[in-house]
Amino acid sequence: MAEATASAGSAAAKGANARPQAALAPVRHRQFLVTLLGVYPIITLLLYVVLPMTAAWPIWQTTLIVAPLMVAIMVFWLIPTIQRLFGRFIMQPVKS
């Protein structure tokens with residue numbers, strides 16, 4: 001019980017001294033531009049690697065290989081990297 005009171009007291013103390021943070025939202029055209037600059041070289045490289053191995057396959061089978069690879073690269077590497085490097089460029093304060 002004492003721990004709950006102590007943590008509540010420290011949270012209140014932090015709240016009293018904390019500066020209100022402005023809400024941020026992504027600027028969609030900036031997010032689009034930065035994501036495109038990352039996606040284009042990756043998809044081009046993937047196609048250079050995959051197309052020679054799948055030249056005789058129907059396009060839907062080649063896409064079945066490329067799409068999961070591209071999504072995995074985007075989710076686990078590209079998007080976190082973009083957010084880290086370009087977060088200040090992409091985000092802007094929300095006007096209320």
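Buried means under 20% relative accessible area, exposed means over 50%, and partly exposed lies in between, as found with a 1.4 Å probe and counting protein chains only. The views below show a predicted model, in which local features need pLDDT of at least 70 and side-chain atom pairs count only at pLDDT 80 or more, while totals for chains, interfaces and linings use all residues. Residues are numbered from 1 along each chain as its sequence is written, and side-chain values use heavy atoms, with hydrogens and water left out.

**View 1. The protein as a whole has three helices and two strands.** From the N terminus on, these elements follow the order α-β-α-α-β; helices (H or I, at least four residues) and strands (E, at least two) are DSSP runs, numbered from the N terminus. Of the 96 residues in the protein, 18% are buried. The protein exposes about 7,900 Å², and carbon and sulfur atoms supply 70% of that area; accessible areas come from the Shrake-Rupley method with a 1.4 Å probe, and for residues only the protein chains shown count as cover. Among contacts (heavy atoms within 4.5 Å) between residues at least 6 apart in sequence, 76% join residues at least 24 apart.

**View 2. Thr 62 sits in helix α3.** Is Thr 62 buried or exposed? Thr 62 counts as buried because its relative accessibility is 4%. Leaving aside its neighbours within four places in sequence, Thr 62 is in contact with Val 50, Leu 51, Thr 54 and Trp 57.

**View 3. Helix α2 has a buried set of residues that packs against α3.** With 26 residues, α2 reaches 36 Å from its first C-alpha to its last, which is close to the 38 Å expected at 1.5 Å a residue; the expected span of a helix is 1.5 Å times one less than its number of residues. The buried residues in α2 are Val 34, Thr 35, Gly 38, Val 39, Ile 42, Leu 46 and Val 50. An α-helix has 3.6 residues a turn, so residues three or four places apart point the same way.

**View 4. Leu 37, also in helix α2, belongs to a nonpolar surface patch.** Leu 37 counts as exposed because its relative accessibility is 59%. Together with Phe 32, Leu 33, Leu 36 and Tyr 40, Leu 37 makes a patch of about 570 Å². Patches are made of residues with over 30% relative accessible area and no salt bridge, where like charges are joined within 9 Å and nonpolar side chains (Val, Leu, Ile, Met, Phe, Trp, Tyr) within 5 Å; a salt bridge is a side-chain nitrogen of Lys or Arg within 4 Å of a carboxyl oxygen of Asp or Glu.

**View 5. The largest nonpolar core has eight residues.** A nonpolar core is a set of buried Ala, Val, Leu, Ile, Met, Phe, Trp, Tyr and Cys residues joined through side-chain atoms within 4.5 Å. Leaving aside neighbours within four places in sequence, Ile 82 is in contact with Val 34, Thr 35, Gly 87 and Ile 90. The C-alpha atoms of Ile 82 and Gln 31, which are 51 residues apart along the chain, are separated by 8.9 Å. Under the same exclusion of neighbours within four places, the contacts of Ile 90 include Ala 25, Pro 26, Val 27 and Ile 82.

**View 6. Pro 26 lies in strand β1 (residues 24-26), and Pro 93 lies in strand β2 (residues 91-93).** Pro 26 is partly exposed, with a relative accessible area of 30%, and Pro 93 is partly exposed, with 49%. Their C-alpha atoms are separated by 8.7 Å, although the two residues are 67 residues apart along the chain. Not counting residues up to four places away in sequence, Pro 26 touches Gln 31, Ile 90 and Met 91, while Pro 93 touches Ala 22, Ala 23 and Leu 24.
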